[in-house]
Amino acid sequence: MLSYRPGTTFAHRLDPRSKLLVQFGLAIAAVAHPTLPWLLGTLAFALGTLAAARLSPLAVLHSYRVVLAVLALAPFVAGVALGPPWFRIDPALRSALHVGRVLPVLLVSAAYLTSTPVRDTRAAVQRLIPGKPGQILGIGMALVVRLFPLVLADVREVRDAIHARGGEARPLRDRVRLLAVRSLERTLDRSDRLSVALRARCFAWNPTLPPLTFDRRDYPVLALGIALAVSPLVPV
C-alpha cells in the first residue's frame with residue numbers, strides 16, 4: 001500500500017507545494033494531447049519522478065493492480081461489437097490510448113504520497129487555498145490519506161474471514177454481498193469512532209501547521225510544473 005515513508009531522496013527534500021504543482025501540471029499535460037508520442041513522453045516523465053523518490057515501478061504497479069485491472073476493461077468494452085466481426089480493433093486502441101493517460105498521473109501521485117507527510121500536504125493545501133475552503137480541503141485530504149489504507153485493510157480482513165469460514169463454496173453473488181455489507185459496516189463503525197475521537201481531542205480547524213519554505217531546488221520544479229500546466233497551449 002502506498003503511504004509516506006521517511007527518507008532523504010530528492011523528492012523528500014522538495015517543498016510539497018512544488019510537488020503539488022507538478023502533479024497538477026502533469027494531469028493537465030497528460031490529457032491535453034491523445035497521441036502515442038505524447039503519452040510516452042508523459043510516461044517517461046512519471047518514471048523520472050519515481051526515480052526521484054527511489055520507488056520501483058513494478059512495486060507501484062502492483063499497488064495499483066486493482067485500479068489498473070478496472071482501467072484495462074475499458075478497451076475491451078470499447079472493442080466489443082454486437083455483430084460481426086464481434087470485436088473491433090480501432091475503437092479498442094483509441095480507448096486504450098485514452099485510458100493510458102491515467103497511468104502517468106497515478107505514477108506521479110505514488111511518488112508524492114511516499115515522499116510527503118500528511119501534515120505537510122495539509123499545510124501546503126491550506127497555504128495555497130486561503131480561508132475556510134483551504135481548511136476544509138486540507139482536512140479532507142488528510143483524513144482520506146490516513147483512512148483509505150485502513151478501509152482497504154478492513155476489506156481484506158473481511159475477505160480472509162469469509163475464506164476461513166469456507167465462503168469459497170458459496171455462490172459468487174453471496175460472497176460479493178457479504179463482502180460489501182461487512183466492509184460497509186466496518187467503515188461506518190470506523191467513521192463513528194473517528195468522529196468521537198475528534199470531539200474527545202478538541203478537534204481544531206486551524207491547528208499549528210509545520211512551516212514550509214522554498215529552497216533553491218524547488219524553483220526549477222515550480223517552473224517545470226508551470227510548463228506542464230501550459231503545455232496544452234503549445235501546438236504539437
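Ser 183 is buried, because its relative accessible area is 8%, and buried here means under 20%, with exposed over 50% and partly exposed in between, using a 1.4 Å probe and protein chains only. Ser 183 sits in helix H10. Leaving out neighbours within four places in sequence, Ser 183 is in contact with Val 155, Val 158 and Leu 178, where contact means heavy atoms within 4.5 Å.

Before going on, the ground rules. This is a predicted model, in which local features need pLDDT of at least 70 and side-chain atom pairs count only at pLDDT 80 or more, while totals for chains, interfaces and linings use all residues. Residues are numbered from 1 along each chain as its sequence is written, and side-chain values use heavy atoms, with hydrogens and water left out.

Now the overall layout. The protein has eleven helices and zero strands; helices are DSSP runs of H or I with at least four residues, strands are runs of E with at least two, and both are numbered from the N terminus. The C-alpha trace spans about 55 × 55 × 30 Å along its principal axes. Of the 236 residues, 32% count as buried. Among contacts with a separation of 6 or more, 76% are between residues 24 or more positions apart.

Next, helix H9, residues 132–164. How does its end-to-end distance compare with what 33 residues should span? The expected span is 1.5 Å times one less than the number of residues, so H9 should span 48 Å, and its end C-alpha atoms are 47 Å apart, which agrees. H9 does bend, by about 30° at Leu 147, and Pro 149 follows within four residues. The bend is the angle between axes fitted to the seven residues ending at a position and the seven starting there.

Which residues of H9 are buried? They are Gly 134, Gln 135, Gly 138, Ile 139, Ala 142, Asp 154, Val 158 and Ile 162. The buried residues of H9 pack against helix H8 (118–128) and helix H10 (172–200). Just after H9, Gly 166 has a positive phi of about 75°.

H8 has its own buried set: Val 118, Thr 121, Arg 122, Ala 123, Ala 124, Val 125 and Gln 126. These pack against H2, H7 and H9.

On to the nonpolar cores. A nonpolar core is a set of buried Ala, Val, Leu, Ile, Met, Phe, Trp, Tyr and Cys residues joined through side-chain atoms within 4.5 Å. The largest one has 20 residues, and Leu 50, Val 60, Tyr 64 and Ala 110 touch the most other members. Helices H2 (16–32), H3 (36–52), H7 (102–115) and H11 (218–230) each supply at least two residues of this core. The largest share, five residues, comes from H7. Apart from this core lies another, of seven residues, among them Ala 123, Ala 124, Val 125 and Leu 212.

Now the aromatics. Rings of Phe, Tyr and Trp (its six-membered ring) pair if their centres lie within 6.5 Å; planes under 30 degrees apart are stacked, over 60 edge-to-face, and the rest tilted. That rule gives two aromatic pairs. In one of them, Phe 214 and Tyr 219, the ring centres are 6.1 Å apart and the planes are at 35°, so the pair is tilted. Phe 214 is partly exposed, at 33% relative accessibility. Arg 17 lies over the face of Phe 214, 4.3 Å from the ring centre; the criterion is NZ of Lys or CZ of Arg within 6 Å of the centre and within 35 degrees of the ring normal.

Last, some loop residues. Arg 54, in the loop between H3 and helix H4 (57–63), has a positive phi of about 55° although it is not a glycine. Arg 54 counts as exposed, at 67% relative accessibility. Trp 86 lies in the loop between helix H5 (65–79) and H6, and its phi is also positive, near 70°. Trp 86 is exposed, with a relative accessible area of 55%.

That is the end of my list.
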